[in-house]
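Here are a few exercises to work through with the viewer open. Try each task before you read its solution.

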Amino acid sequence: MNELKCPRDGRQLETVKDHGIEVERCGTCKGAWYEDEELGMLEAHAADEDSRRGMIDYAKRESELLCPVCSKPMRAFNYRASSLDLDACTEAHGFWLDGGEDQRVMHLMRERVADLQRAGSAQDAWNDLKRGGGKGSGLVDKFKGMFGGGPRRGA
Ligand SMILES: [Zn+2]
Ligand SMILES: [Zn+2]
């Protein structure tokens, strides 16, 4: 991986270590080239393997940027259905992240982990409700108290 040029401004990319990953960074626009598996390594800083499952490239369309490796037009896409636009080589050479987009990737992955955890605990609560459901469930009584004629206490 030598002599790669920035797809935005043509400056020669420099190999730097970012988040413990060797990436090719542009000194002018601060964008960086992540090889195919290196994006997963970046995500791994914020999320475990389970949370990283699923599709990454949504709403794919042609990018105006050319792959620094093979010079073919890249494919722009919405990273994990978010508003973050990344570019990827169609030959799977790698991903182009503009300056700061590495931080956004990690931020989105952290949010994804939190969402999955929330969904998991909502599922647990639902299962508890179903298990305990029916008569005598404290939660059901509480709902009755809230919606049905108020607490019946005293005479
Ligand atoms: Zn650049
Ligand atoms: Zn390529």
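The exercises below use a predicted model.

**Exercise 1.** Find out whether strand 4 (residues 57–66) lies largely buried or in the open, and which strand pairs with it.

*Solution.* Start with burial: a residue counts as buried when 20 or more other C-beta atoms lie within 10 Å of its own. Strand 4 has 10 residues and the number buried is one, so it lies largely in the open. Next, look for bridges: five of them join strand 4 to strand 5 (residues 73–79), and the two strands run antiparallel. Last, check the connection: the two strands form a hairpin with six residues between them, and S71 in the turn has a positive phi of about 65 degrees.

**Exercise 2.** Work out which residues of helix 1 are buried, and what they pack against.

*Solution.* Go through helix 1 and you'll get E38, L39, L42 and E43 as buried. These cover an arc of only 150 degrees around the axis, so they sit on the same side of helix 1. Then follow their contacts: they pack against strand 2 (21–25), strand 3, strand 7 and helix 2.

**Exercise 3.** Identify the residues that touch the most other members of the largest nonpolar core.

*Solution.* The core has 21 residues, and the ones you want are W33, Y34, L86, A88, F95, W96 and L97. Elements that give two or more residues to this core include strand 3 (32–35), strand 6 (85–88) and strand 7 (94–97). Now zoom in on L97: leaving out residues up to four places away in sequence, L97 touches G31, A32, Y34, L86 and D102.

Notes:
Residues numbered from 1 in each chain as written. Chains lettered and ligands numbered in written order. Predicted model: local features only at pLDDT ≥ 70, side-chain atom pairs only at ≥ 80, totals over all residues. Buried ≥ 20, exposed ≤ 12 C-beta atoms within 10 Å, placed from the backbone. Helix = DSSP H or I, 4+ residues; strand = E, 2+ residues; numbered from the N terminus. Pairing = 2+ DSSP bridges. Core = buried A, V, L, I, M, F, W, Y, C linked by C-beta atoms within 7 Å. Contact = placed C-beta atoms within 7 Å. Arc of directions from axis to C-beta.
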